[in-house]
Amino acid sequence: MALLRGRGYASVNYPTGMNLGGDPSQALIHATTMGGFVVSLSSVDLGQGLKTIAAQCAAETLGMPMDNVIVDTADTDTGPHCMGTFASRGTHRVGNAVVMAAREAREVMLQVAAEELEVDADDLETDGSGYVRLKGSPETKIHVQDIALAAHFKQGRTISGRGIFLKERSYPVPETGEMDPDSAQAHACTVAEVEVDDETGIVTVLSLHNAYEIGRALNPAMVTQQVEGGAWMGVSHAVFEATEPYYPSSRAHGPVDFSEYLMPGPAETPVQTSVILERPAANGPFGAKGIGEMTANAPIPAVANAIFDACGVRITVMPFTPESILRGLDELRDAEPSA
Amino acid sequence: MAKINEIDTEFFADERTSDFTVIGTPAQRSDALGHVTGRTEFFEDRAFPDLAHVKIHRSVHHHARIDDIDCSEALAVPGVLRVITHHDVPANWYLVLRLIGVEPLDEPVLAEDRVLYVGEPIVAVVADTEAAAIEGASRVKVSYTELPAVLDVEEALSPDAPVIKKDGTNYFVYEGHHARRIRFGDVEEGFAQADHVFEWRYSSAPIEHAPTETTGCIVVPQSGNRLLIHSNTQAAFFTLDNTALILDRPFTDLQVKGGTVGGGFGGKVDVMVEPLACIAATLTNRPVKFVYSREEEMQVSSPRAAERIYIKDGVMADGRIVARKVMLYVDSGAYSRHTPYGTTKAAAHLPGPYTIPNVHADCHCVYTNRTPSSAMRGFGVTIADFAIESQMDRIARALDIDPLELRLRNAYRDGDMKAHRKVASGTALIEVIQRAAALVGHDLPPEYLALSSSTPREA
């Protein structure tokens, strides 16, 4: 018996969004009396951090601190339409809608401030501190709370904005497949290192080394979360998961709980090093592309290629079970000329 | 200090700006503290007096005619309030993408005269307690006549396969075609000029999203004839629109509240629980909870579609791929859900991030007597990437070319025409390969280190 080591490579691209249905998302934003900004969405935060990204996009565009922004999601009575959270579209579609809404609100905010300061709105700037200032004259300033109070109680204006991201629906040409279904492409290259036990057929993914190009990392901590969580899922899809282990021959042996449906635990989680590259997308909010789904994809073929490198077995069926490895090793032995 | 991955600002430095105050900062995720301290409210955390529960009686056959449904013993179970059959569903046939005009409506909310997969819902039982609903569902008696089933995608397309769909084909019809096609260049001419031709097959089994929180909702009748739906949907308006269409009620009768999801990964994009919970709430005038058990989540919630892919490549001696022909079979299971859409996404992804002048693909969305598949992370792309990147490794080994050099030679660049006739822009495959090679000390020759995605390909 032996523990055989191998290295494998894979490089992929992944589409951001899918607009075969148009796939719009909307955002509304309004200021409260005391200078808070409420972003209303019907988008769902799956735990990937969509609300946080929406707050960052709003705060950056308004030129206000993030603490001033409240994000309200997923209530169809109070939020505007969103197609949904899927297709690696949240940051891109919702982010764009929020930026558009916040731009409109910022414009009103600056007009109100200009009237209070008796200056031209075009001469005003924000710096993320909560103040609106006169360019070149830092002592002439007004706090967002005073702007909001003036708007509500004195000027009779709503500081608000509307945003929608809609890319025209693409109808594929049936003869050729000509279509424009996505908004951008993100990129990844993964190098996997594995160990194959030639007695048990068990594959251990030792390490993953990744380079990801994602347009712009709006929040590097959440990018890390996506990259590492996605890689874990990719490893799981590569060497663990199947609801029908003998597909397509039968539906027998289907798991009913997590003692039968196996996924990696802490001991099976590979060491990871990742580097992020940024090539801003022209149509992305601050250049961001979607990365959610992509992060699970490159590890799978990288592991398959590493298994071949380690033991000479070409796995062509997902998942790469111990049984399939052992059958592959048997075939290799059978094919060897006898001594 | 949390680990944050390095951002390498050397690449594309002239395309980046960095005068931001909030963008690019590692702001803490707004829901993180709530999640780790147990304060986040999920739909099931809401308590309602008189909460009733829905459980389903499901098909035990892959394919069968329903001869009779007897609910008398179910109704006799103490605590059972109602049974719901297809007669109680105002508009029983639906497709999740109906709102944007995708047809045909092919899936019943509750089976009528036929079942097409093991686990297909036939009768919903509403009861005072979850235990009574489970007991009631187990006592529904369905008489069947078994029909021949087809479980393999290629068998399903053969002329003598049993026809399982009511519109007469075992495949989704793409504007008159049996497959979503990609036709780019002249693939046969490409093979004729190639020094080598490689053809291999790849496949996958269905997999489960495995969310921590199973699919579910609580529907609460409101004053004014409205229904409030607390749901863990990934798409609040998919839920609202489809539920209203199935109930045949005005959209304004419904309010969907959600936003907190214990794992989705595409598994909570279909509208599977809300319509029946709304019908149950309307019939009983009580709040109703319908949540999948873990077994239901694994056995009957839509899995990732299994796929079978044949790839034939024509390759020059120097590694340039000059022709690629792909036959893709996507197992939709018994109904469409999102799989026809995912198959189109798969077609648009071919042939991956590589510039190949001649590409021919037929991407079939095939119906079988299996659990309907649907959206999942990597929708239409994951298995294609597995196949394409395995193919690249095998070609590199066959021609004794460094695997990264083979990829760099074929990598798409700005201005290249993709097979679905969209001009590539914002590409960066070359750079991620260069950077990954550096990460693991894989030396690339200088001419490969000098390549760039923004430099047009040499003629």
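## Basis of the description

Because the model is predicted, local features are given only where pLDDT is at least 70 and side-chain atom pairs only at pLDDT 80 or more, while totals for chains, interfaces and linings use all residues. Residues are numbered from 1 along each chain as its sequence is written, chains are lettered from A and ligands numbered from 1 in the order in which they are written, and side-chain values use heavy atoms, with hydrogens and water left out.

## Chain A as a whole

Chain A contains six helices and twelve strands, where helices (H or I, at least four residues) and strands (E, at least two) are DSSP runs numbered from the N terminus. Its radius of gyration, which is taken over C-alpha atoms, is compared with a globule rule of 2.2 Å times the number of residues to the power 0.38. For chain A the radius is 26 Å, well over the 20 Å that the rule gives for 339 residues, so the chain is more spread out than a compact globule. The C-alpha atoms of chain A fill a box of roughly 95 × 45 × 40 Å along the principal axes.

Of the 339 residues in chain A, 62% are buried; buried means under 20% relative accessible area, exposed means over 50%, and partly exposed lies in between, with a 1.4 Å probe and protein chains only. Among contacts (heavy atoms within 4.5 Å) in chain A with a separation of 6 or more, 73% join residues 24 or more positions apart. The chain exposes about 12,100 Å², of which carbon and sulfur atoms supply 53%, the areas coming from the Shrake-Rupley method with a 1.4 Å probe, and for residues only the protein chains shown count as cover.

## Chain B as a whole

Chain B has 13 helices and 18 strands, and its C-alpha atoms fill a box of roughly 80 × 65 × 35 Å along the principal axes. Buried residues make up 63% of its 459 residues, and 78% of its contacts with a separation of 6 or more are between residues 24 or more positions apart.

## Nonpolar cores

In soluble globular proteins, nonpolar side chains tend to be buried together. A nonpolar core is here a set of buried Ala, Val, Leu, Ile, Met, Phe, Trp, Tyr and Cys residues joined through side-chain atoms within 4.5 Å. The largest such core has 146 residues, and the members that touch the most others are Val194(A), Val303(A), Ile307(A), Phe320(A) and Leu276(B). Helix H10 (residues 382-399) of chain B gives this core its largest share, nine residues.

With neighbours within four places in sequence left aside, Leu276(B) is in contact with several residues, including Ile56(B), Ile84(B), Val89(B) and Phe290(B). Another core, of 46 residues, lies apart from the largest one and has among its members Leu50(A), Val98(A), Leu134(A) and Ile142(A).

## One side of a helix

In helix H3 (residues 130-138) of chain B, the buried residues are Ala132(B), Ala133(B), Gly136(B) and Ala137(B). They cover an arc of only 135° around the axis, which puts them on the same side of H3(B); the arc is that of the directions from the helix axis to the C-beta atoms. These buried residues pack against strand E2 (52-58), helix H2 (72-75), strand E4 (80-84) and strand E8 (121-127) of chain B.

Gln272(A), in strand E11 (residues 271-277) of chain A, counts as buried at 10% relative accessibility. Its side chain reaches the backbone oxygen of Glu228(A) at 3.5 Å, and the contacts of Gln272(A) beyond four places in sequence include Leu208(A), Asn210(A) and Lys3(B).

Glu118(A), by contrast, is exposed, with a relative accessible area of 73%, and lies in the loop between helix H2 (90-117) and strand E5 (124-126) of chain A. The C-alpha atoms of Glu118(A) and Thr321(A) are separated by 73 Å.

## Backbone details in chain B

The peptide bond from Glu103(B) to Pro104(B) is cis, with omega near -5°, and the bond from Leu350(B) to Pro351(B) is cis with omega near 0°. Asp248(B) has a positive phi of about 55° although it is not a glycine, and at 62% relative accessibility it counts as exposed.

Terms used: Polar contact = N/O pair within 3.5 Å; in protein donor to acceptor, adjacent residues only side chain to side chain.
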